[in-house]
Amino acid sequence: MSDPKKIAVIGAGIAGLSLARSLHGLADVTIFEKSRGVGGRMATRHADGIAFDHGAQYFTIRDPAFHAALEPAIELGVVEAWSGIIGLSSSGARGIVDEGHRWPRFVGVPSMTALPKWLSRGLDIRLGVKIISVEGSAKHWILKTESQRVGPFDWVITASPTPQSLALMPESFSEIGRMASSKMNACFTLMLRPRSFKLGRHCAIRYDDEVIALISEGPSRPQRSSLPSLVVHSHNGWADRHVDDALENVQAIMFDRIAELLPDISKDILSCDIHRWRFANVETPSEGELLVDFENGLAACGDWTIGNRVEAGFLSAVALSEAIGERL
Ligand SMILES: Cc1cc2nc3c(=O)[nH]c(=O)nc-3n(C[C@H](O)[C@H](O)[C@H](O)COP(=O)(O)OP(=O)(O)OC[C@H]3O[C@@H](n4cnc5c(N)ncnc54)[C@H](O)[C@@H]3O)c2cc1C
């Protein structure tokens, strides 16, 4: 029997982790992740005893394959339903109406990163390693970091957002053109700690507003601290226009707008932090969902090959692992 193929996966978000899980046992898989932890945009920042989920607020489970993969996580309590009512505030309408929803919303417990951490068990993951380029030739790829060269690998698969994938994949990758057809938007996120402010009977409110898209309340989420906390996402279009602005200016503009939308909040804030997501959401998915170059041993996956959600990241990984798995 020949040695197992060596596969490098770049990115430990839901897509990279799900891909590595599916290929685990079929090949020798190593994940390289530039951050200190796993999860990517399923992110949590800890401050003042509060776990702020400052990326994805929740995910839905629509596809049977995603449901099957997450059933054990639900049974173990790694994932729980977030059952509050989301409000919708539109400029033309009076008041806030309840958003109807067809699909239950789920979150990681006790924070959003619980699910990626659970998916990462038993996998070979190199944290804090940023890949800056992929060099070499077909089925003999070397990953370059700031300080070292790692490899060779039979396969290199990027599971990072489109612009980051485009920056590092070699020109010989036959799917470069289709990758480039995807477009992602930015987002700014404020993490607020009010003294006592609450959203009322809503767990979150979506705004039809130029600056603010969503305000979400921490304690309404399962197994969270009861200390008041809010996560505020900016509107994607507005963030795209301000993506390179100084963070303190962005924070000031967002905060002023929140105070206009929710006047009770302005004198009640104990602390405020901000995060810039350069590549937060998918505006346009790539042309074609399966981006794989069998001749060269190169491939790409991530939410942006399918849509704009956590579940899209998972499904893109499943489709790719099925295609590649057959040939390993
Ligand atoms: C503000 C915000 C709100 C959102 N709200 C929702 C929501 O409510 N519901 C929902 O379903 N989805 C939501 N999403 C989208 C959801 O988070 C994503 O669809 C999903 O997490 C994408 O997973 P992924 O694995 O494809 O990519 P990512 O999670 O982005 O993972 C990619 C990983 O690659 C790593 N990486 C990148 N470049 C390199 C490199 N050169 N070397 C090494 N590692 C690298 C990154 O650090 C990252 O960990 C939201 C996202 C954001 C940012």
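The model is predicted, so local features need pLDDT of at least 70, side-chain atom pairs count only at pLDDT 80 or more, and totals for chains, interfaces and linings use all residues. Residues are numbered from 1 along each chain as its sequence is written, and side-chain values use heavy atoms, with hydrogens and water left out.

**Helices against α8**

Helices (H or I, at least four residues) and strands (E, at least two) are DSSP runs, numbered from the N terminus. Axes are lines fitted to C-alpha atoms, for helices over the stretch in contact. Angles run from 0 to 180 degrees between N-to-C directions.

The table gives their axis geometry.

| Helix pair | Axes come within | Crossing angle |
|---|---|---|
| α1 (residues 14-23) and α8 (residues 310-325) | 8 Å | roughly 30° |
| α2 (residues 64-76) and α8 | 10 Å | roughly 95° |

The contact (heavy atoms within 4.5 Å) is made by A65, F66 and A69 of α2 with V310, E311 and F314 of α8. Five of these residues are nonpolar, none is polar and one is charged. Ala, Val, Leu, Ile, Met, Phe, Trp, Tyr, Cys and Pro count as nonpolar; Asp, Glu, Lys and Arg count as charged; the others, Gly among them, count as polar.

The crossing of α1 and α8 is right-handed. That label applies if the near helix is turned clockwise from the far one by less than a right angle; anticlockwise gives left-handed. On the α1 side, the residues are I14, A15, S18, L19, S22 and L23. They meet V310, G313, F314, S316, A317, L320, S321 and G325 in α8. The residues of this contact divide into eight nonpolar, six polar and no charged.

Two strands pair if DSSP finds at least two bridges between them. An open sheet of six strands runs in the order β9-β2-β1-β13-β20-β19, and its pairing is mixed. β9 (124-127) and β19 (291-293) are the edge strands, each pairing on one side only. The twist averages 15° from one strand to the next. L291 has A300 in β20 as its bridge partner.

A second open sheet has the order β10-β11-β12, with antiparallel pairing. Its edge strands are β10 (133-137) and β12, each pairing on one side only. Neighbouring strands are turned by 25° against each other on average, direction ignored. Strand β11 (residues 140-144) and β12 are joined by three bridges. K144 has R149 in β12 as its bridge partner.

The structure holds seven aromatic pairs. Rings of Phe, Tyr and Trp (its six-membered ring) pair if their centres lie within 6.5 Å; planes under 30 degrees apart count as stacked, over 60 as edge-to-face and the rest as tilted. One of the pairs is F32 with F153: the ring centres are 6.0 Å apart and the planes stand at 85°, so the pair is edge-to-face. F32 lies in strand β2 and F153 in strand β12 (residues 149-153), 121 residues apart. The pair thus links distant parts of the chain.

**Strand β6**

Which residues stand opposite G87 in β15 and β7? In β15 it is I205, and in β7 the bridge partner is D98. Strand β6 (residues 85-90) pairs with strand β15 (residues 202-208) in the parallel sense over six bridges. With strand β7 (residues 97-98), β6 pairs in the antiparallel sense over two bridges.

**Backbone details**

The V109 to P110 peptide bond is cis, with omega near 10°. P110 lies in the loop between β8 (106-108) and α3 (114-119). The bond from G151 to P152 is also cis, with omega near 0°. P152 lies in strand β12.

D48 has a phi near 50°, a positive value in a residue other than glycine. D48 sits in the loop between β3 (45-47) and β4 (50-52).
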